[in-house]
Amino acid sequence: MPRVVVHYAPATILAVVVLVAWQALVRLFHVPEIILPAPSQIAAALVDPSVDWPHHIWVTGVEVVIGFAVAVVLGIALALVIVMSAFLARVLLPWILLAQIAPKIAFAPILFLAFGYNQLPTILITFLVAFFPMVVNTATGLSSLDPRMKDLLRSYQASRWDVLRKAQFPAALPYVFTGLKVSSTLAVIGANVAEFVSARAGLGFLIINAQVTFNAPLAFAAAGYLILLGVLFYALVAILERVTMPWAVPHRAA
Amino acid sequence: MPQGEGNNASVHDADADAAVATAVHGAPDSLFEVQPQGARMKSITRVLTSVLFVAAFAALQAAAPAALAADKVTFKLDFSPVGYQAPFYAGVSRGVYAKHGLDVDIIPGNGSYPAVLDVASGRIDFAFADTSVLALAALKGLRDVKVVAMVFEATPYSVLYLKNKGISKPADLAGKTEANFTGSGVGQLFQAFARINGFSTSGIKEILSAPPTYLNPLVVGQADFAPSTVNQTVNLRGLAKQAGNDLQEFRFIDYGINIYGAAILANTKTIAEHSDVVKRFVRASLESVQWAARHPEAAVAELRKTNPQLKKDRALAELRSILQVSIPRGASAPDPLQLGWVDKAKMTRTVDLVRESYGLKQTVDPRALYTNAYVAKP
Amino acid sequence: MAVVCLSNVGKQYQTADGVTIEALRDIHLAVEHGEFTAVVGPSGCGKSTLLRIIAGLDRASAGSVEIDGALVAGPVASAGVMFQDPLLMAWRTALNNVLLPIEVLRRKRAAYRERARELLALVGLQGFEQRYPHELSGGMQQRVALARALIHDPELLLMDEPFAALDEITREQMGLELLRIWNETGKTVLFVTHSISEAVFLADRVLVLSARPGLLRAEIRVELPRPRSAKVRGLQRYTDHCQQIREQLGLVG
């Protein structure tokens with residue numbers, strides 16, 4: 001039996017068992033549809049031609065990708081700044097923390113008011129939700145270098161920039177990838193939260209619209225596609241990690 | 001804000017009404033969506049296309065006569081797309097707004113209060129929001145927003161209840177469990193409903209949930225009643241029955257509360273500076289409301305063009321119930337502009353009821369909340 | 001002329017509680033060209049500090065350090081350093097690890113590529129150029145570190161307990177390897193260790209350092225035949241030297 005099949009078989013079997021049990025229990029106990037729809041109903045909604053799934057997935061997908069990309073770039077840049085300059089770290093950290101802790105749901109309406117009812121505030125919120133893990137993980141990674149390695153490089157008259165480029169950056173990579181994994185999934189959540197506040201299309205928009213029209217299968221189906229989106233991003237990051245860090249094979253956990 | 005009358009032309013011209021309709025709902029979805037899905041172009045082709053596009057745009061700008069250029073307006077609704085908003089969506093997709101020289105961008109909403117605030121701030125040109133919410137905002141000091149056309153002549157507010165929980169008259173609600181959400185307007189007005197119908201709310205237990213799903217406890221019987229709107233009754237009756245519950249309603253208008261429902265709102269600045277646009281918008285909107293009242297099935301079909309995920313029969317039932325209760329003269333009025341008329345006494349009643357329900361001391365002159373300049377007296 | 005020359009070198013530093021620790025006091029030291037000098041002493045006696053000062057990684061509180069007649073003010077390119085940990089970069093192959101100093105010193109990689117291969121062969125790792133550190137044993141990693149220390153052809157090799165983390169068998173093997181390489185390259189070696197037997201076996205001369213303050217207690221010339229082999233450990237003189245050192249360190253019961 002091919003390795004791939006053996007590798008994924010247990011998880012798949014478990015998923016099938018769960019779905020079958022779910023379907024049976026919902027029917028058996030006459031669970032109201034709006035509380036928990038049956039998998040068969042959700043499946044029907046997933047492929048319902050009267051819902052423009054590609055369009056909604058695309059809309060949310062764009063928000064996630066752009067918000068995530070900005071979070072990665074800015075997150076890494078900020079991490080560099082706070083690692084290289086203790087002074088700037090003191091100045092910037094409170095603001096970085098604020099961006100993380102401030103409840104986005106509360107500030108989302110203000111952002112829409114300021115930037116208009118389009119995708120810009122949505123992308124902004126996605127960015128705000130996703131960027132903290134990038135900063136923290138990258139900063140930790142950049143600081144994780146064995147100080148004796150610094151000594152070693154210094155003994156060859158390495159400059160601070162040399163140490164950063166040749167040692168700190170590569171040493172930070174495993175941490176950066178952890179950050180990417182967390183951020184990418186948070187980006188999906190962030191886009192979703194923003195769409196809950198205001199949207200014309202997208203998976204989050206569909207969830208709200210389905211809820212207010214009491215269409216539970218549609219709400220679950222939209223959530224299902226969101227989950228798929230998150231899994232896809234995670235998988236992409238994991239593949240990128242494997243390709244970029246061939247030396248990390250024995251230490252990789254996820 | 002409307003981009004000025006005539007001079008600042010958009011690319012849309014009268015011939016492209018249908019394209020406008022889909023463009024309104026297609027293009028603005030994505031600020032960054034430049035090319036059709038899946039289209040891949042080599043950079044040189046892209047540059048050439050951009051150059052051609054710019055040239056065409058410039059040519060159209062020069063060619064389009066000022067009279068044909070449409071005014072861009074933003075119109076925020078009170079809710080996520082649902083059946084009773086069909087009149088407005090139909091107005092866009094059938095080109096009624098375009099016929100009046102308006103390029104309307106409908107923005108789904110998430111409540112009347114945010115919609116009122118959006119108009120007040122100038123971020124949005126027009127809103128469709130409940131008059132009682134406007135009254136609340138005005139009582140709290142907001143003076144920049146007015147009704148320019150009434151739409152729901154009678155409030156659609158209603159108390160949904162489960163008959164099988166031993167409720168047959170309003171007084172039976174005392175001591176029962178209520179499903180509600182924080183900040184609910186109708187939930188607060190329920191205080192007045194209780195006073196008028198002679199029972200106390202002090203013993204009532206509350207189940208609070210998030211706005212989109214706050215009625216779920218009622219459907220499954222965890223709650224006994226919920227303040228809501230008439231269109232939800234038709235939505236939920238079948239679902240409640242599935243769960244073994246008999247869903248009925250006490251409509252506000254049947255139980256002593258005869259106030260206004262949702263209306264078209266605009267900022268006083270818009271009224272002052274773009275009166276012509278307001279006039280055209282009101283006319284197109286009320287024409288669409290009448291048309292929907294006369295052709296509800298077709299209106300729902302139009303709604304489903306841009307929102308195909310809505311179920312046809314539910315949306316139709318919702319629209320019909322709203323038309324019956326809140327726009328009773330919709331189909332019969334000889335002039336659609338008559339549908340938008342605001343009666344001072346009724347507006348005063350609306351304001352007073354809000355004052356009482358929220359326990360406010362401040363007052364506001366009801367006349368400051370509306371203008372009949374754009375509508376006709378029935 | 002001595003390659004390394006220390007005069008009156010002292011090193012003090014403050015701990016966090018404000019206590020002054022005297023790591024080294026009044027060190028006089030001269031290492032001749034091509035000599036293999038061992039520095040032995042108990043833990044905390046400042047021998048690593050001594051090496052770091054010579055390497056230019058730390059500054060002496062008192063006295064002067066000269067390498068090739070020039071005062072040491074910072075790290076010098078004429079020294080190659082090896083620590084207890086191989087400190088290889090996990091993301092670089094063995095070959096690229098060896099070439100690291102070349103990159104840092106801003107010299108042309110291409111020019112040293114062949115030399116890097118030769119050095120890896122010299123330390124017995126021919127064929128392992130493309131392996132990552134995680135694929136190599138501890139001993140092999142240290143060999144890569146040794147090749148790295150030699151790549152820029154330094155006059156001086158400073159080694160801070162390089163074999164301390166290895167098991168005894170590998171240690172002895174590495175010691176023999178080191179001597180072979182030292183023989184072939186003719187470098188000047190300063191070898192810090194806490195193992196008396198290792199110091200005697202490898203060196204021409206052993207400097208004994210005491211602890212707190214770090215004082216140079218004695219300098220013992222090792223009168224054992226070169227090239228050293230395992231048989232040397234059986235010689236009486238070997239035992240005598242070890243005993244001498246033990247006495248100096250106050251270890252005689």
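Let's start where chains A and B meet: 31 residues of chain A are in contact with 32 residues of chain B, two residues being in contact if their C-beta atoms, placed from the backbone, lie within 7 Å. This is a predicted model, in which local features need pLDDT of at least 70 and side-chain atom pairs count only at pLDDT 80 or more, while totals for chains, interfaces and linings use all residues. Residues are numbered from 1 along each chain as its sequence is written, and chains are lettered from A and ligands numbered from 1 in the order in which they are written.

On the side of chain A that touches chain B, at least two residues each come from α3 (53–84), α5 (104–115), α6 (119–142) and α9 of chain A. Helices here are DSSP runs of H or I with at least four residues, strands are runs of E with at least two, and both are numbered from the N terminus. The largest share of this side, five residues, belongs to α9(A). By class, the side of chain A that touches chain B holds 19 nonpolar, nine polar and three charged residues; Ala, Val, Leu, Ile, Met, Phe, Trp, Tyr, Cys and Pro count as nonpolar, Asp, Glu, Lys and Arg as charged, and the others, Gly among them, as polar.

Chain A also meets chain C, with 18 residues of chain A in contact with 17 residues of chain C. Here α7 (147–155) and α8 of chain A are the elements that give two or more residues to chain A's side, and α7(A) has the largest share, seven residues. That side divides into ten nonpolar, two polar and six charged residues. Chains B and C do not touch, and their nearest C-alpha atoms are 37 Å apart.

Within chain A, helix α8 (residues 160–197) packs against helix α9 (residues 203–212) at an angle of about 50°, with their axes 7 Å apart. Axes are lines fitted to C-alpha atoms, for helices over the stretch in contact, and angles run from 0 to 180 degrees between N-to-C directions. The angle makes α8(A) oblique to α9(A), because angles under 35 degrees count as roughly parallel, over 145 as roughly antiparallel, 65 to 115 as roughly perpendicular and the rest as oblique. From α8(A), the contact is made by A191(A), N192(A), E195(A) and F196(A), and from α9(A) by L203(A), G204(A), F205(A) and I208(A). These residues comprise five nonpolar, two polar and one charged.

Turning to chain B, we find domain 1 (17–25 + 68–154 + 260–369) and domain 2 (157–255), with bounds from an automatic or database domain assignment. Their C-alpha centres lie 26 Å apart. The contact takes 17 residues from domain 1 of chain B and twelve residues from domain 2 of chain B. On the domain 1 side, α6 (131–139), α13 (312–326) and α14 (344–358) of chain B each supply at least two residues, and α13(B) gives the most, with six residues.

Finally, chain C has an open sheet of six strands in the order β6-β7-β8-β3-β9-β10, with mixed pairing; two strands pair if DSSP finds at least two bridges between them. Its edge strands are β6 (79–82) and β10 (216–221) of chain C. The twist averages 15° from one strand to the next.
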